[in-house]
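Student: I would like to learn how to read a protein model, one feature at a time. Could you walk me through this one?

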Amino acid sequence: MTRTVDTPAHPTRSYERLRPAMRLFYLWTLSRSRHVPSPRGRPTYRADSPDPDTVLLIGTGPTHGFGVTSHEQALTGQIAKETSKNTGRACSVDYIGDEMMNAGSARSWIGDHDLSLYDTVVVMLGLNDAVMLTPLDSWQRDVTSLVTDLTRRVHPTARIVLVGVQPIRSVTRFDNPFGSVADRHAARMNDITERVASQHPPTSYFRLPPGELQPGRPHGCETMYRQWGAVVADRVAPTLDVVRRGESVEHIPRTSAAPLVPERVAAQLEVARLAASVAAPAPVDPVVARLEAARAAGARLEAEQAVAARSTAAPAPLPTPATTPAPTPTPAAVSTPGTVPVPPTGTAPPARPRRALPEPTFEWSGAETLVELASTGGSDTPQDPARRAEKEVGVDVAGVSLLDGKKLYYAVNTELLPVAIPRELTFCDVTVAADAPVIVEDARKDDRFKDNPYLDLNHGYFYAGHPIHSSTGEAIGTFCLHNTRPRKAKSVSSEKLAEFARLAEIELQSYETADGGHALPTMYETREAAVAAAVSGRAPQAAAPAPTRVGRHAAP
């Protein structure tokens, strides 16, 4: 049973009075990191195997991949490759997170993602919380809530690994007196994280060591992520072996009267056995004895059920001393109505069905094109009005957003804004829901946003957004302005905002296909092909007819 950590309130230390200054320092480092390379493609590494081990990486800081350009080079891919070396099996890793995620918003980033698909979940949070001096009571509450939720939603045999915050000053941008303050706070956060892990049986903990940087690569490099990948793999590989072996426990018939031990206890036993192989013999654990007794009882019951089923299905003549009954084929599995099929005694139970990790799906037909373009910096066409808006209105950043499903995707300025973010954390969700312009002068004073954990990281207190529509008239996104300092609503011209939104709307509609599929070329693809042909001096190749456009913005 999951228990919450029972500790007294954490006393405030003198250094915590620097919290406002540390928050501003973190925001400044983020702005300085705007042009540092980081992965922008799909956050996943998929092994070419029908039955790989599956790992979910949730985190920020080291998981973000500063200094490299693909998730294969970053920690996502390195964990997969190093784990595969340790286990001898293929490994696929999915990543959920961003530098703009913290412990308070992690559950929103995870959303309704199907966690039962993964054998092990690795959680690597805390770097930004340590630098911003997140209150320890809040850290304990958020980490406990996250682990409790993960424990409830993962597969019964899955394991959870919590990774402590690395030494803060080992990160180049924090190698200064501010980093020393954050290091003190991180040590206290790690103590809490370790305590939380000890209170949740399927969870283990270890601290990430400093990364090894290469000369001339101050923000990160593939070598550093490979080193960290090996460290994580050393912890993850044994849990994956346990999950593979522990799967047989769940196949003990649920109709059995024998006392069954939970799958988690079985997995714990396997961990104990692994440890015992390299340690001195220890006294018999009561849990071990209970599990062995349950296994023996289950085996006896299976044998009795199999014998009873065979005798009722086809009674054989009694043997005599002079004769021997003819051998009968062994059935693959015997079952009776209303019960779970029972494997024959002495045969291995069937393997647990393993589903493939899901591929991303989109609701709007142009979403895939937008996300693909954003992963390489975005199209120049919506970039132009964004740059103009930043200059003319005088805001920190302008963006074009798409809200699809439960995520928001940014089409421009993705070197500063996340490629994707949970929809529920965004101002744009309100704009699209209202299908009307929305201006927030100061989010800290707005009841709709003042408790939003995303504001702790981006400090974007001012917002102005105008909806963008699909060709059928549905609000699908926004043209939006963000500023760290509050502003008056009158500082933004509603006519100018609508003009910028219209320019972005035309571009986004050009990504659409007629039937919502992707078999026909979009207007964007047709236009780009014509430009490429003009540059090369060759006639454009014949292509399928352009998709028919519908709605109030029909193509010419």
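Student: Let's begin with Ser108. Which helix does Ser108 lie in?

Tutor: Ser108 belongs to helix α3, which covers residues 106-110. Keep in mind that this is a predicted model.

Student: Is Ser108 buried or exposed?

Tutor: For that we look at the relative accessible area, and buried means under 20%. Ser108 has a relative accessible area of 17%, so Ser108 is buried.

Student: Which residues is Ser108 in contact with, leaving aside its neighbours within four places in sequence?

Tutor: They are Pro422, Glu424 and Leu425. Pro422 turns up again in a sheet: Pro422, in β9, is the bridge partner of Lys407.

Student: How do strands make a sheet in the first place?

Tutor: Strands pair through backbone hydrogen bonds, and the pairing can be parallel or antiparallel. Here, strand β8 (residues 407-410) runs antiparallel to β9, and three bridges join them. Both belong to an open sheet of six strands, in the order β9-β8-β7-β12-β11-β10, with antiparallel pairing.

Student: Which strands stand at the edges of that sheet?

Tutor: β9 (420-422) and β10 (438-440) do. Each has a single partner strand, so one side of each is left without a neighbour in the sheet. Neighbouring strands of this sheet are also turned against each other, by 25° on average with direction ignored.

Student: Which helix packs on this sheet?

Tutor: Helix α14 (residues 494-509) does, touching β7 (397-404), β11 (462-469) and β12 (475-483). The direction of α14 makes about 45° with that of β11.

Student: Let's stay with β11. Where do the side chains of a strand point?

Tutor: In a regular strand they alternate between the two faces of the sheet. In β11, Phe462, Ala464, His466 and Ile468 point one way, while Tyr463, Gly465, Pro467 and His469 point the other way. All of these residues are buried.

Student: How is β11 joined to the strands beside it?

Tutor: On one side, three bridges link β11 to β10, and the two run antiparallel. Ile439 has Ala464 in β11 as its bridge partner. β11 also pairs with β12, again in the antiparallel sense, over eight bridges. In that pairing, Phe462 stands opposite Asn483 in β12. The hairpin of β11 and β12 has five residues between the strands, and Gly473 there takes a positive phi near 95°.

Student: What is the pairing in the other open sheet, the one with the order β1-β3-β2-β4-β5-β6?

Tutor: The pairing in that six-stranded sheet is mixed. At its edges stand β1 (44-45) and β6 (203-207), each with a single partner strand, so one side of each has no neighbour in the sheet. One of the parallel pairs is β5 (residues 159-164) with β6, over five bridges. There, Val161 stands opposite Ser204 in β6.

Student: Which helices lie across this sheet?

Tutor: Among them, helix α2 (residues 75-87) lies across β1, β2 (53-59), β3 (91-97) and β4 (120-124), running at about 150° to β3. Another is α6, which lies across β5 and β6 and runs at about 155° to β6.

Student: At what angle do α5 and α6 pack?

Tutor: Helix α5 (residues 136-153) and α6 pack at about 35°, with their axes 10 Å apart. The crossing is right-handed. Residues of α5 in the contact include Trp139 and Val143, while those of α6 include Met189 and Ile192. The residues of this contact divide into seven nonpolar, four polar and two charged.

Student: Which residues have the most contacts inside the largest nonpolar core?

Tutor: Leu125, Val131, Leu150, Ile168 and Phe174 do, in a core of 68 residues. Helix α6 (residues 177-198) gives the largest share of this core, seven residues. A second, separate core of 29 residues includes Ala367, Leu373, Tyr409 and Ala504.

Student: Where is Leu150 found, and what is around it?

Tutor: Leu150 is in helix α5. With 0% relative accessibility, Leu150 counts as buried. Beyond its neighbours within four places in sequence, Leu150 is in contact with Ile58, Ile110, Leu115, Val121, Val123 and Ile160.

Student: Finally, how many helices and strands are in the protein?

Tutor: There are 15 helices and 12 strands, and buried residues make up 50% of the 556 residues.

Definitions and conventions: Residues are numbered from 1 along each chain as its sequence is written. This is a predicted model: local features need pLDDT of at least 70, side-chain atom pairs count only at pLDDT 80 or more; totals for chains, interfaces and linings use all residues. Side-chain values use heavy atoms; hydrogens and water are left out. Two strands pair if DSSP finds at least two bridges between them. Helices (H or I, at least four residues) and strands (E, at least two) are DSSP runs, numbered from the N terminus. Axes are lines fitted to C-alpha atoms, for helices over the stretch in contact, and angles run from 0 to 180 degrees between N-to-C directions. Contact means heavy atoms within 4.5 Å. A nonpolar core is a set of buried Ala, Val, Leu, Ile, Met, Phe, Trp, Tyr and Cys residues joined through side-chain atoms within 4.5 Å. Buried means under 20% relative accessible area, exposed over 50%, partly exposed in between (1.4 Å probe, protein chains only). A crossing is left-handed if the near helix is turned anticlockwise from the far one by less than a right angle, and right-handed if clockwise. Ala, Val, Leu, Ile, Met, Phe, Trp, Tyr, Cys and Pro count as nonpolar, Asp, Glu, Lys and Arg as charged, and the others, Gly among them, as polar.
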